[in-house]
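Keep the viewer open as you read.

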Amino acid sequence: MGYLAEALSQGFTSGDGPFTRRASGILREMLGAGTALLTTSCTHALEMTAILLDLQPGDEVIMPSFTFVSTANAFALRGAVPVFADCRPDTLNVDERLIEAEITPRTKAIVVVHYAGVSCRMDAITEIAGRHGVAVVEDNAHGLGGSYRGRPLGSFGRMATQSFHATKNVQCGEGGALVLNDPDLAARAEIIREKGTNRSQFFRGQTDKYRWLDIGSSYLPSDILAAQLTAQLEEFDTIQLRRHAVWNAYHKGLADWAASNEVSQPVVPDDCAHPAHLYYLLLPDLRNQQALIAHLAEHGVQATFHYQPLHTAPAGLRYGRPAAAGCPTTEKVADRLVRLPLFAGLSETDTARVIEAVLSYEVI
Ligand SMILES: *Cc1c(COP(=O)(O)O)cnc(C)c1O
């Protein structure tokens, strides 16, 4: 019987059932983490990190401008101010050399995003955070299966968040996880995730009633979703093999074309192993970005741009502030980046078709 049918036949469809335990067990093992709590999304896991850090209005959180809105939203919801730092031109990750200048007495955390699953410079970032006594949170939505100097992404931050949204390598439609690398946070995290109650302790027989103890919300996914997630996590190696095959085919097949057309391919430093989360090209400018996307659409290939800078977004202007140096690289990259289709089910023939379609584009 498939796991979904099994989950339904067991009749345990709310959160924290048998499949939730299985999926979080696999995650803990993959990351070497003490605690992995499944959540309804990465967005919600990020909201939990903001509650766990006791962020107060006016506290500051340094993060990249080149990221998904949830990275910032989760902290803005608590009244904290996202401080947007520029990205490195090579990996497109937050530039660690720009972080320290933004630290103030109100800085409470540095949130990193490993873009495309290629690690940020975690040695430098951990050192800066340690010296200033601020927490590191990893928004590891792209990074499951990636590593930095042999250590898994998601294991560096005091907390890390995972996404199992349908667009991610491992997915259950909508889902996420909060990974805790600090055992002191585990008991409170469990309470925040259960509407601010000690219901989890109650079900383990550790208390005879459960009560309202803290702020929190309903962050548990249904065990039906956890069943799909368990199946995906058990097939992780197969999924990754396919994704790497597509990524490598693009990288090799487009190398000469890119080099002779002033197009940049992804940069993966030697001490990083990436999980083939996405494949992108950096075109010379906005005109070429739009023209390549249109050209590929004409050839039946769906390609897309990616993050629009948060520091210039309407809500970014209202709730956050850019780093003093601004984010010029982020602005340029957003106008140049094109993502190619990448999923485990993309056949060799279709991958070759995508490559052919890109090769037939003439840079203007
Ligand atoms: C996908 C993504 C999220 C949000 O994930 P959800 O599970 O959809 O909430 C957050 N941050 C980054 C970097 C992402 O790519």
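Which residue in β10 is the bridge partner of serine 147? It is alanine 273. This is a predicted model, where local features need pLDDT of at least 70, side-chain atom pairs count only at pLDDT 80 or more, and totals for chains, interfaces and linings use all residues. Residues are numbered from 1 along each chain as its sequence is written, and side-chain values use heavy atoms, leaving out hydrogens and water.

That bridge belongs to an open sheet of three strands, in the order β7-β6-β10, with antiparallel pairing. Because β7 (151-152) and β10 (272-273) stand at the edges with a single partner strand each, one side of each has no neighbour in the sheet. Strand β6 (residues 147-148) is joined to β10 by two bridges. Here, strands (E, at least two residues) and helices (H or I, at least four) are DSSP runs numbered from the N terminus, and two strands pair if DSSP finds at least two bridges between them.

Now turn to the other sheet. Eight strands form an open, mixed sheet in the order β1-β9-β8-β5-β4-β2-β3-β12. Its edges are β1 (35-39) and β12 (321-322), each with a single partner strand, so one side of each lacks a neighbour in the sheet. Within this sheet, β5 (residues 135-139) and β8 (residues 159-163) run parallel over three bridges, and valine 137 stands opposite methionine 159 in β8.

Helices pack on this sheet too. Helix α3 (residues 42-52) touches β1, β5, β8 and β9 (176-180), where contact means heavy atoms within 4.5 Å. Helix α5 (residues 122-132) packs there as well, touching β4 (107-113) and β5.

How values were computed
Axes fitted to C-alpha atoms, helices over the stretch in contact; angles between N-to-C directions.
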